[in-house]
Amino acid sequence: MNQFSLINKLYYEWWKNIDKSIFFLIIILFSLGLFFSLVSTSLIASDKLNTNSYYFFLRHLLYTFIGIFFIIFFSTLNQKNLYRISTVLFLICFIFLALVPIIGIEVKGSKRWVDFIFLPRFQPIEVLKPFIIIMIASILSSEKSSNVYYKYLLSFILIAPIIFLLITQPDIGQTFLVILTWLSLIFISGINLIIFFLFFGLMLLLLLYLIFFVPKFSYILVRLKSFFDPSSGNNYQSEKASEAIINGGFFGKGIGEGVLKNRVPEAHTDYIISIISEEFGVIAIILILFLFLIFIYSVFKKVYLENKERIKLILVGCVSLILVQAMIHIGVNIRLFPTTGMTLPFISYGGSSIISVSILSGIILNLTKRRIK
């Protein structure tokens, strides 16, 4: 009875102090992801796996429940324990990332996943990203050194091996995302703009060198050529995604009437926006974008009221990561960017992606909750 009362008290304290508007926005976005997973994957499961039509949806539901556990876990920690646990998990996930070239499984020419009995098709970088933000923010806000350029150097040394490991997979999309997140954090920390653009220019030159002169990244060059020259014939997925959005119109064809999910491989992850637009219309995309904007605004409102630099940097980093990833995903779907294989946070199918955004959500809820003095 005493143990039950303690759990009840802890739950009450957690519920009383979290920002409920942010919490409900997270739940709504996850619920939309489940709904669109159901309507976009049922035919895929029945046709390809010769099994019940809810295979992918049930997996998505399972990962969402696991994700909710992570949301509650990370949002209930006190700040000291959050930073400690994040440091430990950063090291563990980094080790997993380092193991990818050795024991990773190769899919379509890329080694990005490790396969364990308890973690099938696990992508370490997805789970590592939230802890990268905390580690970079901790370095930039550290009071042990007043030399800001020393902090920038340390933060770069932290992400350099991660970037190297991502390049060897190869995964240029996640590499770009990690670099942009790091740049957003050092920009917010108050870096001199000349040095900031110097950093940005060097990173851009590095990526361009890899794409144009390293044979391992020739597939990216093919995607870039097909993006700028649609007549090259290497942009089948992008063309079908664009057609789906156009054919969907403003109100869509209706549930189950879309054809993109059966024409493009992994459409329920990389092209979920196009599937939604085809079946539910542009109005559904506008609604999703509106929810993302409210979510980002709600977090930034908390950032404005926050006094601690570390918390500000972590919150900005988490929101930047979600925002940039969403922008890249939508940009690929509307042919604003070349194909990158980026999921849409909260919405796309994918266990590692759901766990990643759940950890980010838990961290955001933790650092935006009302603190008792």
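This is a predicted model: local features need pLDDT of at least 70, side-chain atom pairs count only at pLDDT 80 or more; totals for chains, interfaces and linings use all residues.
**View 1. Helix H14 and its buried residues.** Helix H14 covers residues 282–305, and its 24 residues reach 35 Å from the first C-alpha to the last, close to the 34 Å expected at 1.5 Å a residue. Along H14 the buried residues are Ala284, Ile285, Ile288, Leu291, Phe292, Phe295, Ile296, Ser298, Val299 and Val303. In an α-helix there are 3.6 residues a turn, so residues three or four places apart point the same way.

**View 2. Helix H5, bent and enclosed.** Helix H5, made up of the 17 residues 124–140, reaches 24 Å between its first and last C-alpha, which is close to the 24 Å expected at 1.5 Å a residue. At Pro130 the helix H5 bends by about 35°. Because 17 of the 17 residues of H5 are buried, each having under 20% relative accessible area, H5 is largely enclosed by the rest of the structure.

**View 3. The largest cavity and its lining.** Two cavities of 30 Å³ or more are found when the whole structure is searched, and the largest cavity holds about 70 Å³ of space. The residues lining the largest cavity are Glu126, Lys129, Leu321, Ile322, Gln325, Pro345, Ser353, Ser356, Val357 and Leu360. Two or more residues of this lining are given by each of H5, helix H15 (309–333) and helix H16 (351–368), and H16 supplies the largest share, with four residues.

**View 4. Phe346 in the loop between H15 and H16.** Phe346 is placed in the loop that lies between H15 and H16. The phi angle of Phe346 is near 75°, a positive value in a residue other than glycine. With a relative accessibility of 1%, Phe346 counts as buried, because the cut-off for that class is under 20%.

**View 5. The chain as a whole, for orientation.** Among the contacts in the chain with a separation of 6 or more, 70% are accounted for by residues 24 or more positions apart. The accessible surface of the chain comes to about 18,200 Å², and 69% of that surface belongs to carbon and sulfur atoms.

Key:
Residues are numbered from 1 along each chain as its sequence is written. Side-chain values use heavy atoms; hydrogens and water are left out. Contact means heavy atoms within 4.5 Å. Accessible areas come from the Shrake-Rupley method with a 1.4 Å probe; for residues, only the protein chains shown count as cover. The expected span of a helix is 1.5 Å times one less than its number of residues. The bend at a residue is the angle between axes fitted to the seven residues ending there and the seven starting there. Buried means under 20% relative accessible area, exposed over 50%, partly exposed in between (1.4 Å probe, protein chains only). On a 1 Å grid over the protein atoms alone, a cavity is a set of points where a 1.4 Å probe fits but cannot get out, and a pocket is an open set with protein on both sides within 12 Å along at least five of seven lines; lining residues have an atom within 4 Å of a point. Grid points are joined across faces, edges and corners, and a volume is the space filled by probe spheres set on the points.
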